[in-house]
Amino acid sequence: MSGSGSGSGSGSSETERAAAKAALRRAALAARAAGGDQAALERNLRAALASHAGQVLAGYWSMQGEPDPRPAMQVHDGPLCLPVVPGRDVPLIFRRWRGEALAPGPLGTSQPPDSLPEILPEVLIVPMLAFDSGLHRLGYGGGYYDRTLEMLRAIGPVTAIGLAWQVQRVDSLPVGPFDQRLDLLVTDTEILRPAV
């Protein structure tokens, strides 16, 4: 995906940032539809997860052209969980998942049923619409992962691994004060780590 958003300069108002993000979301949806190399993405995600063996891993059930983390999740050596949207403007919760059938959730999602126990993830695979080299992500606009990462990071160490097709990369994203940065980003062509 070519192009860029406005930077995170102090002159950017919240209204301008929201408008820039809305425009980027429209372009990112179109770019994501091109997809990428699922086999290469799976190899890179497995490599990124290798150092997290034994930790509780939260993935997601892919939809609308999102890269699919499930093949790599299935070989993870540790407990798995999936996100549940409990309501608007609140963090996600996570329920232990061992392959049980999922229930329809809000916003077109699929999620574990309420009968499965809640569990706190130590590593999260995070979906997105776009990303930049600074490990910033553009989500869908609900703020669910930003709220969730803020909450989990206040509790203890957690690793957020973004997952995207390389075509979803942009030069820069408009970043607000509540946007949570990723720790790592995996695409079908690279594993992007923080600049030292």
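Where is the place of R70? R70 sits in helix α3, residues 70-74; helices here are DSSP runs of H or I of at least four residues, strands are runs of E of at least two, and both are numbered from the N terminus.

A word on the source before I go on. This is a predicted model, in which local features need pLDDT of at least 70 and side-chain atom pairs count only at pLDDT 80 or more, while totals for chains, interfaces and linings use all residues. Residues are numbered from 1 along each chain as its sequence is written, and side-chain values use heavy atoms, with hydrogens and water left out.

Back to R70. Its relative accessibility is 19%, so R70 counts as buried (under 20% relative accessible area; exposed is over 50%, partly exposed in between, with a 1.4 Å probe and protein chains only). Leaving aside residues up to four places away in sequence, R70 touches Y60, W61 and S62, where contact means heavy atoms within 4.5 Å. R70 also lies over the face of W61, 4.1 Å from the ring centre. For that, NZ of Lys or CZ of Arg must be within 6 Å of the ring centre and within 35 degrees of the ring normal.

Next, the aromatics. The structure holds one aromatic pair. W61 and W97 form it, edge-to-face, at 5.6 Å centre to centre and 85° between the planes. The rings considered are those of Phe, Tyr and Trp (its six-membered ring), with centres within 6.5 Å; planes under 30 degrees apart count as stacked, over 60 as edge-to-face, the rest as tilted. W61 is in the loop between β1 and α3, and W97 is in the loop between β3 and β4, 36 residues apart. W61 is partly exposed at 31% relative accessibility, whereas W97 is buried at 9%.

Now the sheet. Seven strands form an open, mixed sheet in the order β3-β2-β1-β6-β9-β10-β11. Its edge strands are β3 (93-96) and β11 (191-192), each pairing on one side only. Strands β1 (57-58) and β6 (123-126) pair in the parallel sense over two bridges, and pairing needs at least two DSSP bridges. A58 stands opposite L124 in β6.

Last, helix α4, residues 144-155. Helix α4 lies across β2, β3, β6 and β9, at about 170° to β6; axes are lines fitted to C-alpha atoms, for helices over the stretch in contact, and angles run from 0 to 180 degrees between N-to-C directions. The buried residues of α4 are Y144, Y145, D146, T148, L149 and L152. They pack against β2, β3, β6, β8 and β9.
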